[in-house]
Number of protein chains: 2
Amino acid sequence: MLVVVAYDVSLADKNGVRRLRRVAKKCEAYGQRVQNSVFECYLDYDNYVKLKVELLALIDQKVDSLKFYQLGKNYANKIETFGAKQVFDLHKDTLIF
Amino acid sequence: MLVVVAYDVSLADKNGVRRLRRVAKKCEAYGQRVQNSVFECYLDYDNYVKLKVELLALIDQKVDSLKFYQLGKNYANKIETFGAKQVFDLHKDTLIF
């Protein structure tokens, strides 16, 4: 199934940048980055649970936000994409201040 | 049906900030902001088309990115949310540099 992962990591505290990098890197291991903080991951249920557990261990739930949208197997007609197709350099993250 | 709208507006050119504000304001008129640049909009098909047309008129498709994810009517069990529930001030957007 396709799972869309969207996150907002707060950079208000000193560990924010590190959390952001780790969250992005973790998502990169499971799927394709499509926007600054949005990934599309094609996963079976076990890997979905695994990704969730691993991401939850990385974020600070008091200040960061994590969303998972499950689009199922027949997702092609549920997604519309417009505009530039960003190519992201994981190691040169765009930092949100 | 529930539509998730995710956008990345480039701030590399001088009109980027204005585009970002306008896109956010337009989404705000149709739904609920859940993350920096992610909105959840409950729409009938006509309003979905309307929102798409209006957003496409606001972005620069050469540099900005716009994604629509359709979760249908029975979306409650397709969404998982963790962490802080941000409250956003539309007029004090977080600018991505």
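A salt bridge is taken here as a side-chain nitrogen of Lys or Arg within 4 Å of a carboxyl oxygen of Asp or Glu. By this criterion, four salt bridges are counted between chain A and chain B of the predicted model. One pairs Glu80(B) with Lys52(A), whose closest N and O atoms lie 2.6 Å apart. On the side of chain A that touches chain B, at least two residues are supplied by each of β1 (2-8), β2 (32-35), β3 (38-42), α2 (45-58), β4 (65-72) and β5 (79-83), and the largest share, seven residues, comes from β4(A).

Chain A is superposed on chain B by a rotation of 180° with 0.0 Å of shift along the axis, at an RMSD of 0.0 Å; the two copies are thus related as by a two-fold rotation axis. In this arrangement, 37 residues of chain A contact 37 residues of chain B, and because 100% of the interface residues of chain A are also interface residues in chain B, the copies meet through the same surface. About 3,300 Å² is buried between the chains, with carbon and sulfur atoms giving 47% of that area. Of the area that chain A buries against chain B, 21% is supplied by Gln35(A), Tyr69(A) and Phe82(A), more than by any other three residues.

Asp8(B), located in strand β1 (residues 2-8) of chain B, is buried but has no salt bridge, the nearest side chain of opposite charge being that of Arg33(A), 7.1 Å away. The side chain of Asp8(B) instead reaches the backbone nitrogen of Asn36(A) at 2.5 Å.

Technical notes:
Residues are numbered from 1 along each chain as its sequence is written. Chains are lettered from A and ligands numbered from 1 in the order in which they are written. This is a predicted model: local features need pLDDT of at least 70, side-chain atom pairs count only at pLDDT 80 or more; totals for chains, interfaces and linings use all residues. Side-chain values use heavy atoms; hydrogens and water are left out. Helices (H or I, at least four residues) and strands (E, at least two) are DSSP runs, numbered from the N terminus. Buried means under 20% relative accessible area, exposed over 50%, partly exposed in between (1.4 Å probe, protein chains only). Lys and Arg count as positive and Asp and Glu as negative; His and the chain ends are not counted. A polar contact is a pair of N or O atoms within 3.5 Å; within protein, one must be able to donate a hydrogen and the other to accept it, and residues adjacent in sequence count only if both atoms are side-chain atoms. Copies are superposed by least squares on the C-alpha atoms of residues with pLDDT of at least 70 in both. Contact means heavy atoms within 4.5 Å. Buried area is the accessible area (1.4 Å probe) that two parts lose on being put together, summed over both.
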